[in-house]
Amino acid sequence: MPQIIAIANQKGGVGKTTTCVNLAASLAAMKRRVLLIDLDPQGNATMGSGVNKHEIDLTVCDVLLNRVEITKAIARSEVARFDVLPANSDLTEADVKLMGEIGRDSRLRKSLQKTQDQYDYILIDCPPTLTMLTVNGLVAANGIIIAMQCEYFALEGLSDLLETIEGVKEHLNPTLDIVGILRTMFDPRTSLTNDVSNQLHEHFGPKVFRTVVPRNVRLAEAPSHGLPAMHYDKQSAGAKAYLALAAELVRRQSTANR
């Protein structure tokens with residue numbers, strides 16, 4: 001069974017998509033079979049993986065609306081060597097149409113049953129708002145990574161997200177659990193960053209990843225080239241951080257399976 005992980009935060013601009021793309025590339029570099037699912041109509045994870053959202057014929061929208069089997073919509077990131085279930089602005093249509101359909105919150109989960117033996121990790125990039133797309137991502141996942149900045153407003157957003165997770169866990173997906181909290185855009189020189197980081201450790205303990213992702217220009221530049229950071233500048237601090245995160249994630253899974 002693959003590890004299906006939603007990368008989520010109801011606050012935008014926290015490095016969620018950056019995390020999804022670069023973690024996928026790092027796991028692929030470790031010889032893991034990876035599928036990245038883009039559930040954001042902006043299609044940033046698709047483009048950042050090297051798949052042109054303007055040139056694709058089939059997307060996750062077609063899968064969610066039962067127009068096509070998931071295997072036919074999957075594309076390949078040739079450079080980063082992982083698979084992508086791409087998205088573009090058409091996904092807004094799925095978000096609207098799903099509202100009136102039976103089984104609307106479990107469409108993605110049912111589709112993924114046809115790929116269970118093909119991947120070691122399935123990463124889901126959720127949109128930064130609570131929509132039917134986000135609910136589908138959380139229902140399909142067996143774990144969630146929360147990407148967040150160490151700032152005051154991020155803590156407020158975290159409390160809202162935890163309520164959402166508990167609601168999904170109680171009513172729709174009892175297997176959903178927090179895999180870890182990832183501190184992104186981390187700057188240890190500021191007292192606020194350290195204060196918030198300490199609060200996270202106090203409340204979540206070992207759920208907080210040891211790995212932190214620093215503010216890094218190369219991470220910001222890489223998507224414009226359609227590349228994960230490790231294929232844009234492998235020696236950059238951002239690329240090294242996500243390789244470390246992938247290694248930490250794999251170790252956690254190995255420990256949990258013992």
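User: What should I know about the numbering and the model before reading it?

Analyst: Residues are numbered from 1 along each chain as its sequence is written, and side-chain values use heavy atoms, with hydrogens and water left out. The model is predicted: local features need pLDDT of at least 70 and side-chain atom pairs count only at pLDDT 80 or more, while totals for chains, interfaces and linings use all residues.

User: How do I read the sheet, and what is its strand order?

Analyst: Strands of a sheet pair through backbone hydrogen bonds, either parallel or antiparallel. Helices (H or I, at least four residues) and strands (E, at least two) are DSSP runs numbered from the N terminus, and two strands pair if DSSP finds at least two bridges between them. Here, eight strands form an open sheet in the order β3-β4-β2-β5-β1-β6-β7-β8, with mixed pairing. At the edges are β3 (75–77) and β8 (208–214), each pairing on one side only.

User: Which strands does β1 pair with, and how many bridges join them?

Analyst: β1 runs parallel to β5, with five bridges, and parallel to β6, with four bridges.

User: Where do the side chains of β1 point?

Analyst: In a regular strand the side chains alternate between the two faces of the sheet. In β1, Q3, I5 and I7 point one way, I4, A6 and A8 point the other way, and all are buried. Buried means under 20% relative accessible area, exposed means over 50%, and partly exposed lies in between (1.4 Å probe, protein chains only). Six of the six residues of β1 are buried.

User: Which helices lie on the sheet?

Analyst: Axes are lines fitted to C-alpha atoms, for helices over the stretch in contact, and angles run from 0 to 180 degrees between N-to-C directions. Contact means heavy atoms within 4.5 Å. Helix α9 (residues 191–204) packs on the sheet and touches β6 (143–149), β7 (178–186) and β8, its direction making about 175° with that of β7. Helix α12 (residues 237–256) lies across β1 (3–8), β5, β7 and β8, at about 165° to β8.

User: How is the packing of two helices described, and at what angle do α8 and α9 cross?

Analyst: Two packed helices are described by the angle between their axes and the distance between the axes. The axes of α8 (residues 152–171) and α9 come within 10 Å and cross at roughly 25°. They are therefore roughly parallel; angles under 35 degrees count as roughly parallel, over 145 as roughly antiparallel, 65 to 115 as roughly perpendicular and the rest as oblique. Y152, L155, L158 and L162 of α8 meet L192, V196, Q199, L200 and F204 of α9. By class, this contact has eight nonpolar, one polar and no charged residues. Ala, Val, Leu, Ile, Met, Phe, Trp, Tyr, Cys and Pro count as nonpolar, Asp, Glu, Lys and Arg as charged, and the others, Gly among them, as polar.

User: At what angle do α5 and α7 pack?

Analyst: Helix α5 (residues 91–98) and helix α7 (residues 132–140) pack at about 85°, with their axes 8 Å apart. These two are therefore roughly perpendicular. L91, D95 and L98 of α5 make the contact with M132, L133 and N136 of α7.

User: Is R104 buried or partly exposed, and what does R104 touch?

Analyst: R104 is in the loop between α5 and α6 (107–112). With a relative accessible area of 34%, R104 is partly exposed. Apart from neighbours within four places in sequence, R104 is in contact with L98, M99, M132 and N136.

User: How do I read a nonpolar core, and which residues touch the most other members?

Analyst: In soluble globular proteins, nonpolar side chains tend to be buried together. A nonpolar core is a set of buried Ala, Val, Leu, Ile, Met, Phe, Trp, Tyr and Cys residues joined through side-chain atoms within 4.5 Å. The largest core has 50 residues, of which I37, L64, L85, L112, I124 and L200 touch the most other members. Helix α7 gives the largest share, six residues.
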